[in-house]
Structures are given as structure tokens and as C-alpha cells.
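Good morning, and thank you for joining.

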Amino acid sequence: MSMPCKKPSLGPMFGYTNQQSTIVWIRGTRSRKAILRYRFSNGDWQYSDIPLQENLDFIGVRKIDFNGNQDAVSVEVTLVPSNLELTDPAALHWSNSRKIAKGSCRPAPDSNSEFTFLTGSCAHKGYGPLRKGQEVYKRIVSSGDCESDFMMLMGDQVYCDHPGTHGLPIVPAWLAGRHKPQRVEAYFRHYRSYYRQKHFRKLMAKMPAFRIFDDHEIENNWKGYRYDPEHDGQDEYGDSKTLLQGLTAYLAYQASMGGGYQHTEGQVAIDDLPACAEVLNPNSTERWNEKPKHWGYEFSWGLADFLVLDVRSERSNPNQEGANILGEPGQYERLLAFLRQGDGSRYKFVVSPVPLAPDTNADEQYGEEGVPDDELIFDHDDTWRSYPEQRKDLLETIRTSPDINIMPIFLSGDIHLSNVVEIKHRDDESFALPCLISSAINWIVFGVQPVTENDILLPKLEDGPLLESRLQLRETLQARKEQSDYRVEFFEFKNDTEHAHLSFGQRTACTRNNYMKIKVDQAGVTAEIIQGNGKRFGAPWFKSRDDLSIQRP
């Protein structure tokens, strides 16, 4: 009997994965239902349906249990009419490649295993015939790096606030970042356009990916404190429904793969996808206070534990006393608890979409004297630099807390270049906190962030002393060198046979399309930057386990 099968419009992709299970994601279409089959090695096929969520653009997720299998799970998905009474799913046209979509995913290894993972951020699709939005994805697939354990996507996976990517070869600069969608369907449309990229789809069907948003999934430089239904339309406030629209699309196309969408009903925490979608209803703010307080989550892989931070939702106004980028109580306490877990035998990675360091000196009052305290403001308030007191408190806690036994490694994106910096302390030579920045997978037209002596980006990265107080905005750089306890040192990517070294005062960064490949083993952590053209950017960065272990007096 002929079965009216149809290939899913997107997927399968794989999200949150551990030793026990993985989450498979697809997008179907109206008036269709999704049928999944999967197996391990050459075992028997097992069949299941994948419920499609109409109010989430017909996406669907299904958890697959590994049941102790160490082999990859092979997945195939097809769509059939929703009114079809299906008694034997094995009778569908599974041999017709035009009607099914395939993928495979390996379970996480045991807790003593080494592993390799990839990081990236800022994946603009590009414009016109010279667009390079797929260059990095194509490189990962063709080089075999898709055999890495997983990929960490650290924000700006889509640019929903930029004009559509069909049409003119370049975009007017005044529209980029100011073209936020007006309806949730427009957000969905951006995701569909990005996710249809050929090599992105190939990659996501071969390995799990963990995801977290930054700003462009919603609108440029958004911050949680600027949204309140009671103040919509007032100065300094955005449109609350814009946030709900962007979060609904994020739930559909990213968070649904990871489980990081816990919301509350009264005092009860709920981890249910359809229920969360109802709370985020983009047409109403009635259940505003029930939406997720943040979208961060944790996972473990092999020798390491990961904490993924949402650095947008909990922000308070940086120009007020007690300003925080992470909520207290909230993610800040969770971060400290994460750092204190264990005896120091496991590596710890913290994903912060905006870098903990380095800073960018973009404030107009920078270095001015005579500015009253209440007029010292952060004009550029998008990074940890705008929350210097909380950052210093975090660094001091890591440096002095007796129950933190291993130095965390911070992973970030956002700034459209890739480099490695370490945060050092003026009086504690043993303190060196690594920050690995991986950005951009692609940026606008040619996939290059130009760097010259007069360029707008690299010279504004601050090496030397970190800003530690809002009051320091009035001080010169030299004055801060004398007062700040913490400073930043850039890693110099030298092309030699030995691991390169940190060089104070050197700003070394990759500004072409790139991703970072990170290996974690018993000896330590190695990171290398790989450009879209396949070339390595200098020598790898390496940090031994002994160097990361914190020895207390």
C-alpha cells in the first residue's frame, strides 16, 4: 500500500545528551504527524511518534534512552497525514531517502573519559552572493571535526533583529540590529531561514549541540530589567511582547532541545514544553511572572562539568547601586555552588555568552575627572565590565574560597573575534583564570573583522587592569593600574612548535570566521582556533591539570 510520507522540513538535530539519553528535535508541518524510528548498531528498529507543537511552529522533540548502549543511535523521521490511522509504522517508505530524514548521535562517555568539543558563536547568515554563513559548518563537516563529541553554541545562533538575508548583497548599516520582528511568526521565519543552511543541517544531524542565547535572538543588547508590562512604552523600557515573542522562538528552536525552560506556577517549578509555551504566550502578558527566571542549565561530559549561564534575563540596571549581571538570589548563587562542588578532580567550564574578560573601553566619560558620582554611567553596558563589583566578588571568591579546588575555564563569544586571555591578580602569582573567546562563525558580508591601528574593535579591547568599580570610570588607565587588583593578559598565538605563552600588553586575536576545538584529557585542556578556510590560527593554547588545580596554603 502506498503511504503518503513526507520529509520533515528541518531536522533531525540532537540536543541535551548524557550517558542515559539524548533529545532528538525536528520541525514538521501543519496537518502532519511525525513518526520516528531508531536503533543501535544493527539491532531491531524501534518506533515512536514525535508530538508536534502547533504554537511553537510545529517543532517536536522526543527523548531517546540509550539503555546502556555505548554505540551511536541511528535515527530516521518521516511525516504522515495527521488523520492517518497507522497500525504498522514499519510499512512506511523508510527506504525512500526523499521522504525521510536521517541522523545519528553517540551517548556521552563515562566520567573518566577524555573528549573533544567545539565552540562557536555569532553565526550571521551573511548577505548576497559572497555570503560566508556556511563556511565554518562546511569546514567542520569536511574536516572530520564533526566526529568531536559535541558543539557548544554560545549565542547569536540567529540574527532575528537583522533584515532578512535574501536580496541585496550588503545591508544598510543603520538597519542591522534595529530591524526587530513585529510578530512571533517573523522570529520563526528567521530561524527557519538559518536552520535550512545545507552544511548546518549536515552538522547538526551528526553530533549533539548545547545552546544558549545572547542578544540577537531577541533584539540587540537586550537586558532583562528593561522589560516590564507595567512600563511598556516608557523611556528606557522595551516592549514586553517583543521579549515574549523572541523567547517563544528560542523555546521552539533552541531551548526545547536542552530542557532549560523551567517556569513556575505559584511556587511549583514546571519542566513541561507545552506548558512553558502557554506561559510565554506572545500575545499576552497575563502570566508574565510565571515565565522562566533564567534559561541557564548544567551538564556533564567525560572528565568535566559545565554550567551554562543566561547573562541577559537577570540583569539589573548597571548604573544603580548593587547592580548584578547574574541574579542574587539566582544564577550567581548557582554559579558559586557549581564552583564549590567536588574535590577538584573534575574540570569545570562556565559558559558566559558575553566574556568575563577582556573589557572594551567604550564609555564616553572614560578618563574624565570632575564627573559627579551620580553622573558616572556605563554608555556601553552590554558586558561584565558594566557589573564590575559582582565580577570582582566572583574573582575574589574563586581566589580565596577554601572549598574551590580547581580553576574554572570560562567560555564565551559575542565580540566577533577569537582569543584567549587570563585574569591575573597583582599579589597572587598562582591565580590565573582562563577565558576562551570563540567568535564569530560568520559576520555579515565577507566573514572578516578587519583589524588596523585605527579600527573600531581590537584596539578597544583592554589589556592590563580590569575595571573594578563604577567610580573608576573617571580614572585614567594609569590610575587604574595602580588601584586594580586584577588585570588581563592576552595569549600570544605564536607559530612555533612549543605552546605559546602569555604576553602582557599584546592583543592577539583571530578576526576571520572561525571556531574553537577544545580537547580535555588527563594531562590538561588544549584549545586551538580553526579558521573557516581550514588554517589553524597559531599554536594551541594549553593548560595542564596541575596548573588548574588550586593549592591553598
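Which residue lies over the face of Trp45? The residue is Arg37, at 3.9 Å from the ring centre. A charge sits over a ring if NZ of Lys or CZ of Arg is within 6 Å of the ring centre and within 35 degrees of the ring normal. Lys291 is placed over the face of Trp288, also at 3.9 Å from the ring centre.

A word on the basis of these values. This is a predicted model, in which local features need pLDDT of at least 70 and side-chain atom pairs count only at pLDDT 80 or more, while totals for chains, interfaces and linings use all residues. Residues are numbered from 1 along each chain as its sequence is written, and side-chain values use heavy atoms, with hydrogens and water left out.

I turn to the aromatic pairs. Rings of Phe, Tyr and Trp (its six-membered ring) pair if their centres lie within 6.5 Å; planes under 30 degrees apart count as stacked, over 60 as edge-to-face and the rest as tilted. The count comes to 33 aromatic pairs. One of them is the stacked pair of Phe117 and Phe150, with 5.0 Å centre to centre and 10° between the planes. Phe117 belongs to strand β8 (residues 115-120) and Phe150 to strand β9 (residues 150-153), so this pair ties together parts 33 residues apart in sequence. Strands are DSSP runs (E, at least two residues), numbered from the N terminus. Ring pairs also link Phe117 and Phe150 into a cluster with others, including Tyr16, Phe210 and Trp301.

Finally, the structure holds zero disulfides, a disulfide being a pair of cysteine sulfur atoms within 2.5 Å.

Note on methods
Helices (H or I, at least four residues) and strands (E, at least two) are DSSP runs, numbered from the N terminus.
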